[in-house]
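Reader: I would like to learn how to read a structure like this one. Please show me, feature by feature.

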Amino acid sequence: LKFVCVSNDGVDEHMIWLIGLKNVFAKQLPNMPKEYLVRLVMDRTHKSVMVIRRNLVVGGITYRPHASQKFGEIAFLAISSDEQVKGYGTRLMNHLKQHARDADGLTHFLTYADNNAVGYFIKQGFTKEIYLEKDRWQGYIKDYDGGILMECKINPKLPYTD
Ligand code: ACO
């Protein structure tokens with residue numbers, strides 16, 4: 001089992017993983033148009049943190065680091081249905097936080113959470129209150145109706161992974 005962070009950099013193995021992740025998203029996020037999923041997962045401004053087991057994608061998170069604003073926008077998150085509620089979603093979020101802080105220099109995450117995922121995000125330290133000053137994020141993140149805007153502050157020192 002491994003956690004990786006990749007983007008569309010032309011490396012064969014990375015492309016195969018990104019396509020695998022797109023397929024997990026397509027199944028788990030049926031309301032998202034497929035072309036939109038492909039476009040963002042393959043977009044070079046986005047990165048994906050994934051759980052890989054026996055070289056297969058179990059799930060992942062696609063996000064866009066807004067480096068100048070020091071926050072990341074989570075676009076998609078999913079774990080394959082037969083692998084849910086085993087702790088992978090939590091471990092994935094911890095790897096994302098660690099990578100975003102240490103490699104991207106981010107302090108916060110924002111996401112439009114689906115109603116049924118709000119409970120998961122709360123357990124990961126997200127809140128419905130947005131404490132980040134508006135001028136740091138307004139105009140940077142994509143509006144998405146049908147979701148609830150949630151925020152997470154990344155702890156500057158905590159070791160999120162072992
Ligand atoms: N609602 C409430 N609580 C939840 C949910 C949920 N939908 N999913 C998991 N939890 C809880 C678990 O019970 C667990 O609680 P515990 O720590 O008290 O035991 C905790 O959250 C973490 O569970 P994990 O096993 O780590 O999470 P999992 O691997 O199942 O991944 C995920 C969670 C990613 C939400 C998964 O259920 C999934 O893929 N769902 C379908 C797709 C989806 O809804 N994605 C998010 C859409 S919003 C977006 O993409 C921005």
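Reader: Which backbone atom of Ile79 lies 2.8 Å from the ligand, and what kind of ligand atom does it face?

Author: Some ground rules come before that. This is a predicted model, in which local features need pLDDT of at least 70 and side-chain atom pairs count only at pLDDT 80 or more, while totals for chains, interfaces and linings use all residues. Residues are numbered from 1 along each chain as its sequence is written, and side-chain values use heavy atoms, with hydrogens and water left out. A polar contact is a pair of N or O atoms within 3.5 Å; within protein, one must be able to donate a hydrogen and the other to accept it, and residues adjacent in sequence count only if both atoms are side-chain atoms. For Ile79, a backbone N or O atom lies 2.8 Å from an oxygen atom of the ligand.

Reader: What part of Thr90 is 2.7 Å from an oxygen atom of the ligand?

Author: An N or O atom in the side chain of Thr90 is at that distance. With Lys86, a backbone N or O atom lies 3.2 Å from a ligand oxygen.

Reader: How much of the ligand does the protein bury?

Author: Accessible areas come from the Shrake-Rupley method with a 1.4 Å probe; for residues, only the protein chains shown count as cover. Taken alone, the ligand exposes 960 Å², and the protein buries 74% of that.

Reader: Where is Arg101, and is it buried or exposed?

Author: Helices (H or I, at least four residues) and strands (E, at least two) are DSSP runs, numbered from the N terminus. Arg101 is in helix α3. Buried means under 20% relative accessible area, exposed over 50%, and partly exposed in between (1.4 Å probe, protein chains only). Arg101 counts as buried because its relative accessible area is 14%. A polar atom of its side chain lies 2.7 Å from the backbone oxygen of Leu158.

Reader: What about Leu29: buried or exposed?

Author: Leu29 is buried, at 15%, and is found in the loop between α1 (12-28) and α2 (34-42). Leu29 and Ala78 are 49 residues apart in sequence and 7.7 Å apart in space, C-alpha to C-alpha.
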